[in-house]
Amino acid sequence: MLPRGPSLVYDNNALQSHIKDVWDTPEFFPKSMSPFYSLPTGENSCYWDLAETSLDALTNFKSSQYNYKMICDAIVKNFGPGNPNYDMDARQVYMEKRRRGAIDGPIVGKWFQGAIIECLANYKNGMALSHLVVQK
């Protein structure tokens with residue numbers, strides 16, 4: 001597993017406990033700190049997948065005009081229903097079990113982060129977020 005850094009660690013006591021022995025070399029953590037996910041070495045996280053999706057969409061513009069819809073369409077294609085790496089139903093089941101305390105530890109695989117979930121839901125409902133203004 002690829003040791004993830006302190007991203008998504010919201011418990012300050014847990015964070016301090018994790019970093020106390022690696023303070024001089026924070027780029028090398030002996031084990032994953034994320035309470036949500038852990039990935040095999042070399043696997044990209046959802047944060048990279050989102051960046052790559054956005055950059056790919058930007059490079060595919062056929063005109064010099066910015067095309068927000070093309071980016072949204074690419075996000076739906078790469079993160080929406082049918083994508084084996086991002087299964088919304090599996091994430092919801094995991095989160096429900098976690099809320100009940102039935103899961104101890106992170107999932108192995110990509111984390112389906114909240115910003116992508118919100119983007120997909122807004123887009124499905126005909127909403128687009130542009131320049132921090134909700135448009136319908």
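Reader: How are α3 and α5 oriented to each other?
Author: In this predicted model, local features need pLDDT of at least 70 and side-chain atom pairs pLDDT 80 or more, while totals for chains, interfaces and linings use all residues. Numbering starts at 1 along each chain as its sequence is written, and side-chain values use heavy atoms, without hydrogens or water. Helix α3 (residues 68–79) and helix α5 (residues 114–124), both DSSP runs of H or I with at least four residues, pack at about 115° with axes (lines fitted to C-alpha atoms over the stretch in contact) 10 Å apart. Angles from 65 to 115 degrees count as roughly perpendicular, under 35 as roughly parallel, over 145 as roughly antiparallel and the rest as oblique, so α3 and α5 are roughly perpendicular.

Reader: Which residues of α5 make the contact with α3?
Author: Contact here means heavy atoms within 4.5 Å. From α3 come K69, C72, D73, I75, V76 and F79. Facing them in α5 are I116, C119, L120 and Y123.

Reader: How many disulfides turn up in the whole structure?
Author: C72 and C119 both belong to that helix contact. Their sulfurs sit 5.1 Å apart, too far for a bond, since a disulfide needs cysteine sulfurs within 2.5 Å. C72 is in no disulfide, and searching the whole structure gives a count of 0.

Reader: Is C72 buried or exposed?
Author: Its relative accessibility is 3%. The cut-offs, with a 1.4 Å probe and protein chains only, are under 20% for buried, over 50% for exposed and partly exposed in between. C72 therefore counts as buried.

Reader: What share of the 136 residues is buried?
Author: C72 is one of the buried residues. Across the protein, the buried share is 32%.

Terms used. Axes fitted to C-alpha atoms, helices over the stretch in contact; angles between N-to-C directions. Helix = DSSP H or I, 4+ residues; strand = E, 2+ residues; numbered from the N terminus.
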